[in-house]
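Hi everyone, thanks for coming. I'd like to walk you through one structure today, so please have a look at the screen.

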Amino acid sequence: MSSISNLRLVNLLTAVSKEDPENPILLKIYETHDKYTPESLVQELREDASNTIGRWLTGAVDYDEAVKRVAKQVGVDAKDLTDDETENELLIIQKAIQDYVKKHPEVEEKLKDVVKEFGDNTEFINILLKGSATAFLGVAGTVGATVVRQVIIRVMAIFAGRQAALTAARFVAMAVPFLNVIMTAWLIKDISGPAYRKIVPSVFNIALLRIEMMGKA
């Protein structure tokens with residue numbers, strides 16, 4: 001695996017395994033693909049994201065391309081995608097959050113609490129919830145990884161009906177039910193192909209793991 005995106009993912013999965021080998025999100029990804037090492041999982045994700053014919057001609061796509069394909073499947077505009085898989089993972093998270101808010105407008109009142117908690121980052125929160133992908137990436141780059149992590153975790157905690165979710169254990173506890181709600185909505189849109197029904201939740205979960213690890217390196 002020569003692509004830097006593949007290596008970055010292997011390193012992420014390895015770091016999570018060392019810090020928390022029983023991490024439920026990590027174990028769920030492994031279980032979904034029946035692969036239990038970072039290297040084998042990354043290879044499986046790449047192959048699942050590859051066109052069958054194209055795989056024979058050029059081999060499996062790299063992870064950054066896999067993320068782009070998943071992003072398009074869940075409704076992220078292709079013109080908003082970048083060459084950085086970590087940014088595109090964030091766009092998938094933003095799309096999931098915005099889809100949830102649209103389907104559950106009753107949470108908007110509760111989201112005002114997030115604005116109060118992170119008052120110095122009101123612009124970032126508003127863009128996360130209602131802004132464009134380009135604006136979101138731009139502001140995320142200025143507020144820093146720690147703020148991005150805390151805000152996204154807090155927003156998802158509200159969706160899960162939790163008062164706080166700033167520890168890894170609580171993050172995992174509230175991330176799983178949120179993912180189930182989002183995946184149900186996405187699958188109703190008839191995500192094409194059985195492979196995508198595996199890699200869409202897996203890429204989303206990888207994005208969550210990367211957020212969980214933000215600021216820890």
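Let me begin with a question: how are H5 and H6 oriented relative to each other? Before I answer, please keep in mind that this is a predicted model. Helix H5 covers residues 63-73 and helix H6 covers residues 85-103, and the two pack at an angle of about 20°. Angles under 35 degrees count as roughly parallel, and H5 and H6 are therefore roughly parallel to each other. Their axes are 9 Å apart, and H5 passes H6 in a left-handed crossing.

Who makes that contact? On the H5 side you can find Tyr63, Asp64, Val67, Lys68, Val70 and Ala71. On the H6 side, look for Glu85, Asn88, Glu89 and Ile92. Sorted by class, the contact of H5 with H6 holds five nonpolar residues, one polar residue and four charged ones.

Let's step back for the overall picture. The protein has twelve helices and zero strands, and the pattern along the sequence reads α-α-α-α-α-α-α-α-α-α-α-α. Of the 217 residues in the protein, 49% are buried. If you take the contacts between residues at least 6 apart in sequence, 61% of them join residues at least 24 apart.

Helix H8 runs over residues 122-130, helix H9 runs over residues 133-143, and they pack at an angle of about 150° with axes 9 Å apart. Since angles over 145 degrees count as roughly antiparallel, that makes H8 roughly antiparallel to H9. The crossing of H8 and H9 is left-handed. From H8, the residues involved are Glu123, Phe124, Ile127 and Leu128. They meet Ala135, Phe136, Val139, Ala140 and Val143 in H9. Which classes do we find in this contact? The contact of H8 with H9 has eight nonpolar residues, no polar ones and one charged residue.

Next comes helix H10, residues 145-159. H10 has 15 residues and reaches 21 Å from its first C-alpha to its last, close to the 21 Å expected at 1.5 Å a residue. Is H10 mostly covered or mostly open? H10 is mostly covered, with twelve of its 15 residues buried. Among those buried residues are Val147, Val148, Val151, Ile152 and Ile153.

Let me finish with a few single residues. Aspartate 34 sits in the loop between helix H2 (24-33) and helix H3 (38-48). Aspartate 34 has a positive phi of about 55°, although it is not a glycine. As background, most residues other than glycine have a negative phi. At 55% relative accessibility, aspartate 34 counts as exposed.

Proline 21 belongs to the loop between helix H1 (4-19) and H2. With 48% relative accessibility, proline 21 counts as partly exposed. Leaving aside neighbours within four places in sequence, proline 21 is in contact with Val16 and Leu27.

And the last one is lysine 112, in helix H7 (residues 108-117). Lysine 112 counts as partly exposed, at 46% relative accessibility.

Notes
Residues are numbered from 1 along each chain as its sequence is written. This is a predicted model: local features need pLDDT of at least 70, side-chain atom pairs count only at pLDDT 80 or more; totals for chains, interfaces and linings use all residues. Side-chain values use heavy atoms; hydrogens and water are left out. Axes are lines fitted to C-alpha atoms, for helices over the stretch in contact, and angles run from 0 to 180 degrees between N-to-C directions. Helices (H or I, at least four residues) and strands (E, at least two) are DSSP runs, numbered from the N terminus. Angles under 35 degrees count as roughly parallel, over 145 as roughly antiparallel, 65 to 115 as roughly perpendicular and the rest as oblique. A crossing is left-handed if the near helix is turned anticlockwise from the far one by less than a right angle, and right-handed if clockwise. Contact means heavy atoms within 4.5 Å. Ala, Val, Leu, Ile, Met, Phe, Trp, Tyr, Cys and Pro count as nonpolar, Asp, Glu, Lys and Arg as charged, and the others, Gly among them, as polar. The expected span of a helix is 1.5 Å times one less than its number of residues. Buried means under 20% relative accessible area, exposed over 50%, partly exposed in between (1.4 Å probe, protein chains only).
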